[in-house]
Amino acid sequence: MTEAYMPDERHIMTLEQFIIDQQEREPGATGAFSRLLRDVSIAAKIVNRDIRRAGLVDIFGTTGEINVQGETQQKLDALAHAEFVRALKRGGECCLIGSEEHAEAIPLSTQTGADGKYIVLMDPLDGSSNIDVNVSVGTIFSIYYLPEEYGEPDLDAALQPGSEQIGAGYVVYGSSTMLVYTTGNGVNGFTLDPSVGEFLLSHPSITTPKQGQVYSINEGNTDSFEEGLQEYIRWVQHHDDESKRPYKTRYIGSFVSDFHRNLLKGGIYMYPATKNNKEGKLRLMYESNPLAMIVEQAGGRATDGHQRILDIVPDKLHQRTPLFIGSEDMVKKAESFLKKEPVA
Ligand code: AHG
Ligand code: MN
Ligand code: MN
């Protein structure tokens, strides 16, 4: 009989412990940021619980509302938004929330008497059109300091370029639930162990391959892609043994899930300008910026095809941007086609 496999207990590290260890390395840290991350992870666990029960309780389908994006709001969009707002309000470290599901920024300090100094921008539930068909969805979050000159937090305080983020992360509610985040010092991933109800460090120091074999784009829109992009798509589909082309198409339609796969395996995700979405579809402040920070921290690249995503100076909370994100060499190659440079 073979001996039973015993996991090495010494290596079990909870998210909470990891955050505390990181905090202890920061001279002068007050613990406020650690508490904010803890609040985000608590909301993620609650949303995870709701998602796992979808289908058994009445949370499939739409609320009948159209959100600020002009998109149909799903019940789980509204529920996830409410859970994150509740956790951040209760935690007291956040002073302003910007959410895909709310037209205006939501100031917290005046409502709760708390004097939190962090701004959280989020997509509470990403890929919500996939909920009813049991396909992975996610949450994306982006964290900024409230600039000192702001007494009362308002939307202007949140309109900072992505390079000012002090933290960013996402949760993917997939075959397992993972929380991946960065504070500008590498990227770490934690998997939720449902039996103990804790996120455990499962993917320390994530780096993304410089080059992958996957491209992710909604090819149904090809007709309205600019010419350089259409040429790039033809190039990735062209047979070439040396560069291992054609690449594989993988497109779930949940940005977080497509991004997560490409981050771990290598690949490029693109959502360019299209006929229906002339400025691209993905939102700068709570979809593109946080995942751009993560990809850069993992050694990858994120641009709008011409400019670094993190350098874009925003002028609205729900601003959209074209996005090319993933393995460095692949994003650079796509950019060279957009510039119509000769193919190497
Ligand atoms: P959300 O569900 O937060 O509105 O985001 C949907 C986004 C993103 O998750 C996905 O990559 C993209 O929409 C898919 O768009 P298409 O269906 O146009 O491909
Ligand atoms: Mn989204
Ligand atoms: Mn969403």
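Is D39 buried or exposed? In this predicted model, D39 counts as buried, because its relative accessibility is 4% and the cut-off for burial is under 20%. The side chain of D39 meets that of R38 in a salt bridge, with an N to O distance of 3.0 Å. Side chains of opposite charge can pair when their charged atoms come close.

K340 pairs with E227, and the closest N and O atoms lie 3.5 Å apart. This pair links distant parts of the chain: K340 sits in the segment after helix 9 (328-338), while E227 belongs to helix 6 (residues 227-237), 113 residues apart. E227 is exposed, with a relative accessible area of 53%.

Another salt bridge joins R308 to D311, with 3.0 Å between the closest N and O atoms. Both residues are partly exposed, R308 at 33% relative accessibility and D311 with a relative accessible area of 38%. Elsewhere, E100, R283 and E287 are joined into one network by salt bridges that share partners.

Turning from charged to nonpolar side chains, V133, V135 and I252 make a surface patch of about 220 Å². Within this trio, V135 is found in the loop between strand 5 (118-126) and strand 6 (137-145). V135 has a relative accessible area of 32% and is therefore partly exposed.

Definitions and conventions:
Residues are numbered from 1 along each chain as its sequence is written. Chains are lettered from A and ligands numbered from 1 in the order in which they are written. This is a predicted model: local features need pLDDT of at least 70, side-chain atom pairs count only at pLDDT 80 or more; totals for chains, interfaces and linings use all residues. Side-chain values use heavy atoms; hydrogens and water are left out. Patches are made of residues with over 30% relative accessible area and no salt bridge: like charges are joined within 9 Å, nonpolar side chains (Val, Leu, Ile, Met, Phe, Trp, Tyr) within 5 Å. Accessible areas come from the Shrake-Rupley method with a 1.4 Å probe; for residues, only the protein chains shown count as cover. A salt bridge is a side-chain nitrogen of Lys or Arg within 4 Å of a carboxyl oxygen of Asp or Glu. Helices (H or I, at least four residues) and strands (E, at least two) are DSSP runs, numbered from the N terminus. Buried means under 20% relative accessible area, exposed over 50%, partly exposed in between (1.4 Å probe, protein chains only).
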